[in-house]
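Please view it alongside the sequence and coordinates.

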Amino acid sequence: MTVSVGLGPGTGRIPPPSDAAGTTREMTRELTRETTRAAMRATLRADRRQGVLAVSVLVVMLVGALAASILLGGSARIAWGDIPPALVGRGRGLAQYVIFETRLPRALGAALGGATFGLAGLFYQRVIRNPLATPDIIGISSGASVGAVAVIVLTPSAGLGIPLASLLGATVMIALVGLLSWRGGLDSYRVILIGIGMSAVASAITSYLMTLASLKGTEAATRWSIGSVAGLTWPEVGLLCGLVLFGAVAASVFSRGLGALSLGDDVAAGLGTRVGALRIAVLVVGAALAALTTSAVGPIAFVSLICGPIATRLVPRGPHTVLTVLLGALLVLGADILAQNAPLISPVPTGVLTSILGAPIFIWLMVRNRTGAN
Amino acid sequence: MTQTDTLTVDPQQELRAEAISVGYGDHLVIPALSLEVATGAVTALIGPNGCGKSTLLRTLARLLSPRSGTVLLDGHDIHRLPTKQVARRLGILPQSPLAPESITVGDLVWRGRHPHQRLGQRRSTVDEEAVLDALEATGCAELVDRRVDSLSGGQRQRVWISMALAQQTPYLLLDEPTTFLDIAHQLEVLDLLIDLNQSRGTTIVLVSHDLNQAARYADVVVAMAQGRILGQGHPGEVITAELVSQVYGITAEVMPHPVTGHPLVLPLGRHDPRPAARDDT
């Protein structure tokens, strides 16, 4: 029998105990109530273990992938003994160049870039409440591509200008999408639709620019717009590292607000969240993360789109943000290891492999989601 | 226990709308309306679709800003109070809220503690006890580890009410809490609200489409049409054949409920005979 846990005292449903039997009944009831409460308490506290386990596994995999990337990357054969000093920048000759100047920044950059892409995507998916509404889908990547391709095609000698131009392109794009969707507040649906539209316009401009390019320019532009962590330098790794730290701080500030927002604007407002301010802050921070990361590694596809949904399904009770960041790092790093070492196709730009790995997972998730919903 | 602060009725407690006008775009839904919510009572807002009852509820809960006039919560303009402070005094359950995919009952109810928590603060025992109290009060104790999307409509609504209860506010506003529920679940939810009102002294305001339920469960009925209040007070005084005709534009026979004595509204369609009693007046 389910003892009436439903109603508290004072509702008058249970007659007051008047005799010994009544007192015993009362005691049994109280005892059952305490047992139920203890069980509920345990349930509320438990199940963090799954999250801790998942995080630990991903961290181990990430460390393994970093090691693999550094040891396997490229064709140069480095003696084992030369690797440890080169890792801390005290190697000699070839080892120093290959390990410290090439493979280490590449591996770290892949992991860090993947992490910020994943986080930016999760921010957007949470705040817009739509798995499709990631920065790359609503135009940040295509905006960045316009900038980068314009520099590559029109002023081929300006090497340093590419990151800045892509950042500029992304910023202009965000500003346009933001302004066009503004109606006394940001409506999620308008942001997505206008973002997709603007993204198409930007892609058309990129295609037009490509037709102006020389053969060499087209090749460079294509490589850039696929996205690659090849040739990353320490300053870029420093930028990405700063972004990850910035993202971590932002994520902890936004965490409770985003949790409330997942219940809808009205419920969130009723729970004391300043919905409008939070939405704008998260969108701006997410855009900055995505745009700056894109300026360093190019628009690596699918990372910001799939990491959040995979994290949510992997461990329904979270911690989703940490898992998303780790998955993003692991996805880009793993894709890059394949991009460098896979037989027949390597070396290819990293972005090719995130798409090949990411697209099927994404389609599977979406199809499963569709059949599972309602 | 943790509820003691809400058990004692604060003498300064009040929720009041003063000459508010509310609208969307060019459309003015409520022109200059004033209402004082009866503290410690259950108030039902009734009226036809589009009469502004949901708009009024949402304005009282600060989800909408009035174009003119003010909503006062405990003597302060609700729009000048910090959002979290409002959320600790007033809970709002919108119509058919959506739970995020795969969230568990416990995690959802836990979100109700949001206004009581500060950045970086860990989950406290006070919060935990509040969540347990809320789950217990709604009979959701056994559901705590279930996924919200696996529950029935009635269970789901009870879980949402638990979330609002975990917020431990002296005011609870609900927009059509019984819509889409079958009759058994409707009664379950309404009985639960009465329990809360009686055991915790929670002031409840709800929007209802069911006149008979409003008459049976509310202490105060506020009848609205076209953004104006046409009648308010005890259901026995407010719900009359004249008012029903005025508010909904329908003919109805109103008689005392044979068991409870509350007014019972029996609407009559075009094909029904006219009520004899009203013909000769």
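This is a predicted model: local features need pLDDT of at least 70, side-chain atom pairs count only at pLDDT 80 or more; totals for chains, interfaces and linings use all residues.

Residues are numbered from 1 along each chain as its sequence is written, while chains are lettered from A and ligands numbered from 1 in the order in which they are written.

**Chain A**

Chain A contains 14 helices and zero strands, where helices (H or I, at least four residues) and strands (E, at least two) are DSSP runs numbered from the N terminus. Of the 374 residues in chain A, 46% are buried, a residue being buried if 20 or more other C-beta atoms, placed from the backbone, lie within 10 Å of its own. Among the contacts in chain A between residues at least 6 apart in sequence, 74% join residues at least 24 apart; two residues are in contact if their C-beta atoms, placed from the backbone, lie within 7 Å.

**Packing around helix 11**

Helix 11 (residues 275-297) of chain A packs with helix 9 (residues 234-261) of chain A, and helix 4 (residues 93-128) of chain A also packs with helix 11 of chain A. Axes are lines fitted to C-alpha atoms, for helices over the stretch in contact, and angles run from 0 to 180 degrees between N-to-C directions.

| Helix pair (chain A) | Angle | Axis separation |
|---|---|---|
| Helix 9 and helix 11 | about 160° | 10 Å |
| Helix 4 and helix 11 | about 150° | 9 Å |

The angle makes helix 9 of chain A roughly antiparallel to helix 11 of chain A, a term for angles over 145 degrees. Helix 9 of chain A passes helix 11 of chain A in a left-handed crossing, meaning that the near helix is turned anticlockwise from the far one by less than a right angle. Among the residues making this contact are A:Leu243, A:Gly247 and A:Phe254 of helix 9 of chain A, together with A:Val282, A:Val285 and A:Leu289 of helix 11 of chain A. The residues of this contact divide into 14 nonpolar, three polar and one charged, with Ala, Val, Leu, Ile, Met, Phe, Trp, Tyr, Cys and Pro counted as nonpolar, Asp, Glu, Lys and Arg as charged, and the others, Gly among them, as polar.

Helix 4 of chain A is likewise roughly antiparallel to helix 11 of chain A, and the crossing of these helices is left-handed. On the helix 4 side of chain A the contact includes A:Gly109, A:Gly113 and A:Phe117, and on the helix 11 side it includes A:Val282, A:Gly286 and A:Leu289. By class, this contact of helix 4 with helix 11 of chain A has 13 nonpolar, five polar and one charged residues.

**Interface and chain B**

Between the chains, 31 residues of chain A are in contact with 36 residues of chain B. Helix 1 (20-45), helix 9 and helix 10 (265-270) of chain A each give two or more residues to this side, and the largest share, six residues, comes from helix 1 of chain A. The chain A side divides into twelve nonpolar, 13 polar and six charged residues.

In chain B, six strands form an open sheet of mixed pairing in the order 6-7-8-3-9-10, where two strands pair if DSSP finds at least two bridges between them. Strand 6 (90-93) and strand 10 (228-233) of chain B are the edge strands, each pairing on one side only. Strand 3 (residues 42-46) and strand 9 (residues 220-225) of chain B pair in the parallel sense over four bridges, and B:Ala44 stands opposite B:Val221 in strand 9 of chain B.

Key. Angles under 35 degrees count as roughly parallel, over 145 as roughly antiparallel, 65 to 115 as roughly perpendicular and the rest as oblique. A residue is buried if 20 or more other C-beta atoms lie within 10 Å of its own, exposed if 12 or fewer, and partly exposed in between; C-beta atoms are placed from the backbone.
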